Amino acid sequence: MDIDWHASLMVQTALAAVLLLICCMSQVHARESEASAATWTVAPYAWAPNLRGSVGIEGLSVPIDVRVEELAGSVKAGAMGDLRRIVGRHVIYAEGLGVDFEDGSLDQFRNLPVQAKIIFAEAGYGYRIPMRSALPNGGIIHVTPYVGLRYAQLDVAVTAALRSLAADDEWLDPALGVLVEGPVRGRMEYAIKIDGAGFGLGRDRYASGLVALTYRITDSFRIGAGYRLSRFHAEPGGENDLELKLTGSGPKLGLAYSFGGF
């Protein structure tokens, strides 16, 4: 069953608000020393989503249901990663995702050739709030609300004999989110992230949620695995002929390297 976009965004926003409220009500600020020296974290990752939704043009809609196996075989190039700089409670972050995709006969488009280049980039500022968990053996958790700007570029072409369809557009939107990180046991930690962008201010909207576990191999290296769900809706306008309603969901794997710096 397809969940209405606005309802989905409201649910995710409500979850974020409830999450912050629980943290504020059931926990107290932790007393911990915060070093003034900066810490950098570089975290490349791989996200393998199944893609569902629809692509519409002039009142017609084509349903999309592409498994990750189909997508992976048609990816020509791709890169994904995070960068964070933490100084005390202050966080400056950047995230980027780029994919170059080409399939000569995608079933959802009646075996027509499809080419796509997708770029997402986001950067912003967050404030890291340490708290002591009310749960047994919970230890110190960090709640980081953040604000930023998200840039999206989409270049999609479906080639047909009589007419080719295209979406060639870019967007720059405000982004809001919250990240919660805390210990599980020993070297195991968890992370919960909820974020969104656009919010109906332009022709696109975006919302995403992530749940992950990380294992600290050393003080500098961590590995992680989780599950990410993201929704993207773009309306026709500018150089974009298509209405895109897409949901990507699947596992996310990554590693992180942290080091001190200026």
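**Close-up 1. The largest nonpolar core of this predicted model has 23 residues.** Leu154, Trp171, Phe232 and Leu244 are the members that touch the most others in this core. Two or more residues come from each of S2, S4 (60-66), S6 (90-106), S7 (112-127), S9 (140-158), S10 (165-185), S13 and S14, all of them strands. If you look elsewhere, you will find a second, separate core of seven residues, with Met131, Ile141, Val143 and Ile194 among them.

**Close-up 2. Tyr93 and Tyr146 make an edge-to-face aromatic pair.** By the ring-pair rule, the model holds six aromatic pairs. For this one, the ring centres are 5.0 Å apart and the planes meet at 70 degrees, over the 60 needed, so the pair counts as edge-to-face.

**Close-up 3. Trp171 and Phe232 form another edge-to-face pair.** Here the centre-to-centre distance is 5.6 Å, with 70 degrees between the planes. This pair, too, links distant parts of the chain: Trp171 belongs to strand S10 and Phe232 to strand S13, 61 residues apart. Trp171 has a relative accessibility of 6%, so it counts as buried, the cut-off being under 20%. Phe232, with a relative accessible area of 10%, is buried as well. Widen the view and you can pick out one aromatic cluster made of Phe120, Trp171, Tyr206 and Phe232.

**Close-up 4. Strands S11 and S12 pair in the antiparallel sense.** S11 covers residues 188-197 and S12 covers residues 204-216, and ten bridges join the two. One to look for is at Ile194, whose bridge partner in S12 is Gly209. Ile194 is also one of the residues of the second core. Six residues lie between the strands of this hairpin, where Gly198 takes a positive phi near 90 degrees.

**Close-up 5. A nonpolar patch lies on the surface.** Its residues are Val42, Leu83, Tyr215, Ile217, Phe221, Ile223, Leu255, Tyr257 and Phe259, and together they have about 750 Å² of accessible area. S13 (221-234) and S14 (243-261) each supply at least two of the patch residues. S14 gives the most, with three. Val42 is found in strand S2 (residues 38-47). Its relative accessible area is 35%, so Val42 is classed as partly exposed, between the 20% and 50% limits.

Notes
Residues are numbered from 1 along each chain as its sequence is written. This is a predicted model: local features need pLDDT of at least 70, side-chain atom pairs count only at pLDDT 80 or more; totals for chains, interfaces and linings use all residues. Side-chain values use heavy atoms; hydrogens and water are left out. Patches are made of residues with over 30% relative accessible area and no salt bridge: like charges are joined within 9 Å, nonpolar side chains (Val, Leu, Ile, Met, Phe, Trp, Tyr) within 5 Å. Accessible areas come from the Shrake-Rupley method with a 1.4 Å probe; for residues, only the protein chains shown count as cover. A salt bridge is a side-chain nitrogen of Lys or Arg within 4 Å of a carboxyl oxygen of Asp or Glu. Helices (H or I, at least four residues) and strands (E, at least two) are DSSP runs, numbered from the N terminus. Buried means under 20% relative accessible area, exposed over 50%, partly exposed in between (1.4 Å probe, protein chains only). A nonpolar core is a set of buried Ala, Val, Leu, Ile, Met, Phe, Trp, Tyr and Cys residues joined through side-chain atoms within 4.5 Å. Two strands pair if DSSP finds at least two bridges between them. Rings of Phe, Tyr and Trp (its six-membered ring) pair if their centres lie within 6.5 Å; planes under 30 degrees apart count as stacked, over 60 as edge-to-face and the rest as tilted.
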